[in-house]
Amino acid sequence: LSLCVCVCVRVATVQEMKEAKKRDALPEGIVYVKTKHGSSIPIHVVRHRYPRCTVLYSHGNSEDLGPMLSNQYLSDWFRGNYISYDYTGYGYSEGGKHSEEHVYNDIEAVYDYLITQAGIKPD
């Protein structure tokens, strides 16, 4: 027996996301954080009611946060918090160009946000 689940979600364009940010009307769960190098990157935080774990997902090359917004169902599937974000130079990020150093700064900024502001414990 196989089960196939299809989720169809309209993804905001980069321009729509920038306009929403200006109006303080970002989609639920989206926050922007500053990185060491000065970029502003979006984080999508899906909180599970009773999390057993937290998954911090770094997307692959040629992807961005937009299509990953539909992955929020994964939080229920593995019963945990699901966190995704855009790298500097991709998708909805602002300022800066993509580089290896920026990738490290980006993940550090996301992790710091989760621990210090989102209240997600590292253990």
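These notes take the ground rules, then the sheet, then the rings.

Ground rules. I am working with a predicted model, in which local features need pLDDT of at least 70, side-chain atom pairs count only at pLDDT 80 or more, and totals for chains, interfaces and linings use all residues. Residues are numbered from 1 along each chain as its sequence is written, and side-chain values use heavy atoms, with hydrogens and water left out.

Sheet. I found an open sheet of 4 strands in the order β1-β2-β4-β3, with mixed pairing. Strands are DSSP runs of E, at least two residues long, and helices are runs of H or I, at least four, numbered from the N terminus. Two strands pair if DSSP finds at least two bridges between them. The edges are β1 (30-34) and β3 (54-58), each pairing on one side only.

I then looked at β2 (residues 40-46) and β4 (residues 81-85), which run antiparallel and are joined by 4 bridges. V45 has I83 in β4 as its bridge partner.

Rings. I searched the whole structure and got 3 aromatic pairs. Rings of Phe, Tyr and Trp (its six-membered ring) pair if their centres lie within 6.5 Å; planes under 30 degrees apart are stacked, over 60 edge-to-face, the rest tilted. Y85 and Y87 have ring centres 5.3 Å apart and planes at 80 degrees, so I noted them as edge-to-face. Y87 and Y90 are also edge-to-face, because their centres are 6.0 Å apart and their planes at 65 degrees. Ring pairs link Y85, Y87 and Y90 into a cluster.
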